[in-house]
Protein chains: 4
Amino acid sequence: MYRTALKDMPSDHAVFASRYATTRQLTEKLAEPLGPEDQCVQSMPDASPVKWHLAHTTWFFETLVLMAHLPGYEPYDRRYRYLFNSYYEALGPRHPRPQRGLLTRPTVAEVMDYRHYVDAAMRRLFERAGCFDADSAAEQQHQELILTDVKHAFSGNPLSPSYLPAAIESEKTAPPLHWREYAGGVMPIGCGEHGFAFDNERPRHRVLLAPYRLASRLVTCGEYLAFIQDGGYRRPELWLSDGWTLIQTQGLDAPLYWSNTSGKWQIFTLNGVQPLQPAEPVVHVSFYEAAAYAEWAGKRLPTEFEWEAAGAAEPVAGNFLDPARPHPKPAPPGEGIAQLYGDAWEWTRSSYDPYPRFKPLEGPAAEYNGKFMCGQIVLRGGSCATPADHIRSTYRNFFPPSARWQFSGIRLAEDA
Amino acid sequence: MYRTALKDMPSDHAVFASRYATTRQLTEKLAEPLGPEDQCVQSMPDASPVKWHLAHTTWFFETLVLMAHLPGYEPYDRRYRYLFNSYYEALGPRHPRPQRGLLTRPTVAEVMDYRHYVDAAMRRLFERAGCFDADSAAEQQHQELILTDVKHAFSGNPLSPSYLPAAIESEKTAPPLHWREYAGGVMPIGCGEHGFAFDNERPRHRVLLAPYRLASRLVTCGEYLAFIQDGGYRRPELWLSDGWTLIQTQGLDAPLYWSNTSGKWQIFTLNGVQPLQPAEPVVHVSFYEAAAYAEWAGKRLPTEFEWEAAGAAEPVAGNFLDPARPHPKPAPPGEGIAQLYGDAWEWTRSSYDPYPRFKPLEGPAAEYNGKFMCGQIVLRGGSCATPADHIRSTYRNFFPPSARWQFSGIRLAEDA
Amino acid sequence: MYRTALKDMPSDHAVFASRYATTRQLTEKLAEPLGPEDQCVQSMPDASPVKWHLAHTTWFFETLVLMAHLPGYEPYDRRYRYLFNSYYEALGPRHPRPQRGLLTRPTVAEVMDYRHYVDAAMRRLFERAGCFDADSAAEQQHQELILTDVKHAFSGNPLSPSYLPAAIESEKTAPPLHWREYAGGVMPIGCGEHGFAFDNERPRHRVLLAPYRLASRLVTCGEYLAFIQDGGYRRPELWLSDGWTLIQTQGLDAPLYWSNTSGKWQIFTLNGVQPLQPAEPVVHVSFYEAAAYAEWAGKRLPTEFEWEAAGAAEPVAGNFLDPARPHPKPAPPGEGIAQLYGDAWEWTRSSYDPYPRFKPLEGPAAEYNGKFMCGQIVLRGGSCATPADHIRSTYRNFFPPSARWQFSGIRLAEDA
Amino acid sequence: MYRTALKDMPSDHAVFASRYATTRQLTEKLAEPLGPEDQCVQSMPDASPVKWHLAHTTWFFETLVLMAHLPGYEPYDRRYRYLFNSYYEALGPRHPRPQRGLLTRPTVAEVMDYRHYVDAAMRRLFERAGCFDADSAAEQQHQELILTDVKHAFSGNPLSPSYLPAAIESEKTAPPLHWREYAGGVMPIGCGEHGFAFDNERPRHRVLLAPYRLASRLVTCGEYLAFIQDGGYRRPELWLSDGWTLIQTQGLDAPLYWSNTSGKWQIFTLNGVQPLQPAEPVVHVSFYEAAAYAEWAGKRLPTEFEWEAAGAAEPVAGNFLDPARPHPKPAPPGEGIAQLYGDAWEWTRSSYDPYPRFKPLEGPAAEYNGKFMCGQIVLRGGSCATPADHIRSTYRNFFPPSARWQFSGIRLAEDA
């Protein structure tokens, strides 16, 4: 899913310029370990080639910022408007999504030239008098997708290529799970008028919550393994109907990237194939798997409102994107509630519906979030592939309930 | 969708016996205009043969009531447990849903024998001392499905067979649409502990609503036609993303059963093909179409909570199932809010999520509603094919957003 | 496959009238054991409802004979031209083949009225002075299809309905297989100018054959079972590439209608489920299975020319259609070559290509055979479901190599 | 389709070594204009990435030659046995064909290292005393596929990349078509015992042919355009049934790579998009299109035997693979029969059946040709992408009747 954000807000243009440059550099750093072939491949329709991410984010600034705001700007190549439009109907026809991997041209080198051309124009724009309203959040979303899409593509290669050297070392134990209680009541939900946020986080409104409890940390691989070993994938009473159909027809019996050879569980990671670490949070589960696990545990998933009411009270800190080690870590020891931010996007028990009085952005960006508000589930909190300054308590991510290639995990809840 | 209900409640068994008999007779009356071939066909996987509905509802009483409560009861044919189980995993394997139409045996006559055998046993059960907790709501749901499934099957026959004689005469005008305002606030939602309801309507809980307005009647065919003529099906900005993809890939440009020959619109009904009546409510639209229409009209769909808060204050009265004329009617004249009940199921802007502290029924009936709480949209109010004593303000129907073969229509809402 | 035949030939019209009446009566006799539901169902796109066969053959005489030759003839219902056209592009659009089973109307009773209406008109035509050139071969082809299509539909019903009472009694042993040698040379192939034949059997021409041998009888179920037990379905080296893919993707491990319960083989027949009879010829195998069996046996399948050169020297006699027992029988004892005619259509090692100087029929019948000459395999000799007077040595049946629902079997050949 | 050949025959090993080196160099020359992304993409399941062709041909020599004949040979990477096996069941499991394009590793550079490693070992093998029986024909087949697969991949890119500079200049006129008559009779067909040939060309045998005529050259683009303009794609009576279904469901109305913009026809070629040249032979047509064209022209396609009888009498000369211009040319002026060899593979009216007494090769190569002898059509004569020393009069190429991405064209025939 791609979503942008353009909000008028007073700001120093130097801050924008600096954040823009930092974001663009990080994107390119993420592509560095990859050769031209790796950057061109598309392993499934939901994923995109890395090269396409590099070009699309550039197209985004060119089309929605430079064309609108930089007088005399000339597009790098007018045909790119068709090639690198993601889903904006208002911006004309576009290359079919499942065929992005067939675009061997422009080459990676040509795409890098395109990036530099647009970066130079953006610098000119930033240098003009007055502040400017461009934000880099849109490109940050693709940084996470670059990692998840490369992981998916590499996982299908029998050679099991590593994106990064095998250097994962993590704590061997996770703290015991305990329950944190919340009183509920009428709680403010969503982002107020000021500050950056996507349109789907607005407007701020009030929601009435009953008392509830949240688990102090994410479900671990070890706990999930117990679910598997207890026949979790063979007991229909634990599953939503669509989920049961899915695991039957696709023959699923473990999270994505898990494999079992001679009784030994291994996990494919961006640092190569690793032995399963019981203390690490489980990731790459679908909503169906998350819900079945919760049912098996005698608990439930939190609603997105329960999550946000808890998250708003916590600092936005956690295991976010580290280009050298994009992988979840065991929860740290301590009494508080851990891992609300970072490590894994948390599936909630909330369908992705519009907030009361929701209004999409104006212009082409109107297509950014609202048109996907059907058939998807809200995830909260960011993951180990999310840039640290990209997340906030009101942030609503969303994916179809069957999606497994994101760093999606499980936090349990219960009624108080 | 099939859902049952078994609730303990004090009651006179004579009431149950009478209601049972009435329900069973109505079901058979609905099958009367149909020959053996008509009752055997299955026109799509979502629909079922009439004969299957006749047998499945019988299987339901046999399996969930007689086997559990009537000592010494012998099943009519033990193989029917496999043939006529709808989706209960706890009750063992079952005939694949898309292949129900291939079951030419048992014949219609044999299924009627099966019904009579079970009816006789049910009478014995009702005659036993004490009250009994069986309810006929489950079979009533299939009465509506018999009509919608026959309509779908007949609509695909180039001979355009009529289920009933062509006798539709309706008012030629609908009253002007006006807006009814609701103050919102903390409202009770769902069914309390007493009285019959399905599990998905419970528990009763409180929801905080902002002020809102509802349209005084359903959207009419004439109003929907204006949407079509204004290019509604060709403007992507009006549509949810999945809806736009659907109408593109399937080439949709009008509600189900509408056809345009030489500029003249006609509608296939259970009383044969009829000229479009502008004053009648539009039915057989998907959630996507309902949402696109609302967007075009500058309005929105109500949430299921807004609908229930309004519906709870109105008498449960309207154009419900009349076996001689299962078709929506124009709204009656008057100042109040019309058609909340009957005529058309109203698509809401609420995904079908569980209520806080929702608990499924015990036993096999646990599979009745909860396992479908993903990927579906709530509809409210009942239709012209819903038995009058089957509906209530807390009733939550649900279908996938693409479903069009039900009598589903549109009521607009707006913020106050 | 449907194919017609209209050949000018001198003849007594009484012969035609009699043969017409006999054919029509036999068709209706074949439908007698079936109820209305049984006659309406279509269990796969390749099969058709019995009711459709009853109507299509009637449409055939109405459209290609009565409309052309009986002055003043009025069609029974002009809409049937669309409903019951099989595949004649020249005769306009037609109901989609996979949706024939959705036509609950006209009912079986109405189709019988249609038949009687056309029969009366045909009698008037036969009574006119002079001879007439209609032939009943086209309807005879559908007699065989009625049986194979009903068998397929009933086989998918868990109740295992029987078309006929369980009355199969056959010889328990088959004679030993020996080899009959043929000298080859330049052999005449195909039908000469006189006498009835389909267009694909003409013109008569010469083919050069090397010496060869044919097995004295069909492969038996017992012999085929040895192939299965020797791992025949698990050894890719025995299979054509497409065949191997097919059995892998569909999980095939035995002929159609064979089942193995607790180590005991049973076969679903038109007379109900029966224990496998080792002496009976194996039927319901695909070309792929026939070819794999031959490979396993160290032999090969005969070409259609080798078959015809042998068949031309034998009387056209064998186990043909007996409405009371449509099932293959063990070969009779004796020295000669047995079962060339009847029992099972024999897969040849010949693709269905046109004969040199092949010319299709004139008019709509041009579409009868020629347009299917691609991607199909020739079968020879007729089966236990073929009317005795329908077959001849030059007759070329054809089906795709994957087809299994016909009475198709195996005769081995080898080089001499 | 991939097929190999290993025949024992006396020969000078220097000839083999030289031919091997030449073949390997040509393959790499064909890959030279392509970047790493271009060599990794797979545009459809029937096509393969160039990188895969480079590796598979290397795997072929490694597995079937070096492992068997060079003592002490160590495979380059044992995992390649799985990755680069095409379809040899006897050589174990293999990477699924439709997923070849997902293998971004090994990179192009690593595949080139693999090639050099194997080349060095092959040189050692050639230097050993005695002659050796390896042949380079297998790799030559992939040279043609490299060109057709790149063409297909590039054609789907909206940027219309050119494999080679736009340098096509050809004669603007084709000589008039005249007819060459052949007497037929008993003709030898297939390859004798000596000399190199694939197994499907053997054994040599005799076929009886009636007199016939062949067109003096291939059908041109201009002639094919007349067929289109005469409604060729809208007249079902011209088409085989499967072909008509195909063009309807896929919406085909011209050969692959043809496009019509504002009434002007253009053709995508390996030298970029070019205006249609009426004098050039039409290529990239399916068998269905070839047969429909012949029907429209009142002619037919030749059988493979008619073609071979004619081809055997002609020198093997024509427009073969020129790496600088892989494109068909107009027929040269002259009285003789032209273009039998080169320019375009000619669809015959012969299904791909085994020759009498056909025997596959021994060992893994048994899977080379025989297992594809079902459902395919024979093509003859080689194309503008076929290496000149790869073709001969007995050569049988084969593809499914729907294949269009090869350089396949049309030669007409008629009865004499």
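Reply: Contact here means heavy atoms within 4.5 Å. This is a predicted model, so local features need pLDDT of at least 70 and side-chain atom pairs count only at pLDDT 80 or more, while totals for chains, interfaces and linings use all residues. Residues are numbered from 1 along each chain as its sequence is written, chains are lettered from A and ligands numbered from 1 in the order in which they are written, and side-chain values use heavy atoms, with hydrogens and water left out.

Me: OK, how many residues of chain B are in contact with chain A?

Reply: 31 residues of chain B, against 31 residues of chain A.

Me: And what's the area buried between chain B and chain A?

Reply: About 2,300 Å², with 52% of that from carbon and sulfur atoms. Buried area is the accessible area (1.4 Å probe) that two parts lose on being put together, summed over both. On the chain B side, B:Leu208, B:Arg357 and B:Cys374 lose the most area to chain A, together 27% of what that side buries.

Me: How many salt bridges across that one?

Reply: The rule finds two between chain B and chain A, where a salt bridge is a side-chain nitrogen of Lys or Arg within 4 Å of a carboxyl oxygen of Asp or Glu. B:Asp353 and A:Arg349 meet in a salt bridge, 3.6 Å from N to O.

Me: Switching over: how many residues does the contact take from chain A and chain D?

Reply: 27 residues from chain A and 27 residues from chain D. The area buried there is about 2,200 Å², and carbon and sulfur atoms give 62% of it. A:Glu37, A:Arg105 and A:Leu159 supply 33% of the area that chain A buries against chain D, more than any other three residues.

Me: Which residue forms a salt bridge with A:Asp38?

Reply: D:Arg105, with the closest N and O atoms 2.6 Å apart. The rule finds two salt bridges across the interface of chain A and chain D.

Me: And by class, what's on the side of chain A that touches chain D?

Reply: That side of chain A has 14 nonpolar, eight polar and five charged residues.

Notes:
Ala, Val, Leu, Ile, Met, Phe, Trp, Tyr, Cys and Pro count as nonpolar, Asp, Glu, Lys and Arg as charged, and the others, Gly among them, as polar.
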